[in-house]
Amino acid sequence: MNRKEKKKSEGLTLVSAVGGGIAGWFITIGLSIMADTPMTNLYGISILLGVIVGLLWDIADKLNKGSYNDR
């Protein structure tokens with residue numbers, strides 16, 4: 001893996017973590033609107049869980065790409 005590919009890979013990790021956090025925030029807002037209750041105390045938890053899901057998605061993607069390169 002050369003430098004350009006490695007830098008691109010690191011950038012995608014950041015994108016997946018930020019995207020996961022944003023998705024978690026939007027899900028909490030949607031649930032708050034549908035349930036008509038304030039859920040501001042859950043924003044931090046949902047953003048953290050979204051970031052974790054984004055990072056796990058990125059790890060799974062990298063492992064999947066690695067297994068196909070070995071064949």
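View 1. Lys 62 is partly exposed, at 38% relative accessible area (partly exposed sits between buried, under 20%, and exposed, over 50%, with a 1.4 Å probe and protein chains only). This is a predicted model, where local features need pLDDT of at least 70 and side-chain atom pairs count only at pLDDT 80 or more, while totals for chains, interfaces and linings use all residues. Residues are numbered from 1 along each chain as its sequence is written, and side-chain values use heavy atoms, with hydrogens and water left out. The side chain of Lys 62 meets that of Asp 58 in a salt bridge, 3.2 Å from N to O (the term needs a side-chain nitrogen of Lys or Arg within 4 Å of a carboxyl oxygen of Asp or Glu). Side chains of opposite charge can pair when their charged atoms come close. Asp 58 and Lys 62 are four residues apart in helix α2 (residues 43-69), so about one helical turn separates them. Asp 58, for its part, counts as buried at 7% relative accessibility. The structure holds one salt bridge, by the way.

**View 2. Thr 28 and Ser 46, a polar contact between the helices.** Thr 28 belongs to helix α1 (residues 3-35), and Ser 46 to helix α2. Their side chains are joined by a polar contact of 2.7 Å (a pair of N or O atoms within 3.5 Å; within protein, one must be able to donate a hydrogen and the other to accept it, and residues adjacent in sequence count only if both atoms are side-chain atoms). Thr 28 is buried at 6% relative accessibility, and Ser 46 is buried too, with a relative accessible area of 12%. Leaving out residues up to four places away in sequence, Thr 28 touches Met 39, Leu 42, Tyr 43 and Ser 46 (touching means heavy atoms within 4.5 Å). With that sequence limit again, Ser 46 touches Gly 24, Trp 25 and Thr 28.

**View 3. A nonpolar patch on the surface.** Leu 42, Ile 45, Leu 48, Leu 49, Ile 52, Leu 56, Ile 59 and Leu 63 make up this patch, and together they have about 780 Å² of accessible area. To join a patch, a residue needs over 30% relative accessible area and no salt bridge; like charges are joined within 9 Å, and nonpolar side chains (Val, Leu, Ile, Met, Phe, Trp, Tyr) within 5 Å. The areas come from the Shrake-Rupley method with a 1.4 Å probe, and for residues only the protein chains shown count as cover. Ile 52 lies in helix α2 and is partly exposed at 39%. Looking across to Gly 21, Ile 45 is 24 residues away in sequence and 9.8 Å away in space, C-alpha to C-alpha.

**View 4. Asp 36 in the loop.** Asp 36 lies in the loop between α1 and α2. Its phi is positive, about 55 degrees, even though Asp 36 is not a glycine. Asp 36 is exposed, with a relative accessible area of 69%.

View 5. The protein chain has two helices and zero strands (DSSP runs numbered from the N terminus: helices are H or I, at least four residues, and strands are E, at least two). Of its 71 residues, 18% count as buried. The chain's accessible surface comes to about 5,800 Å², with 69% of that belonging to carbon and sulfur atoms.
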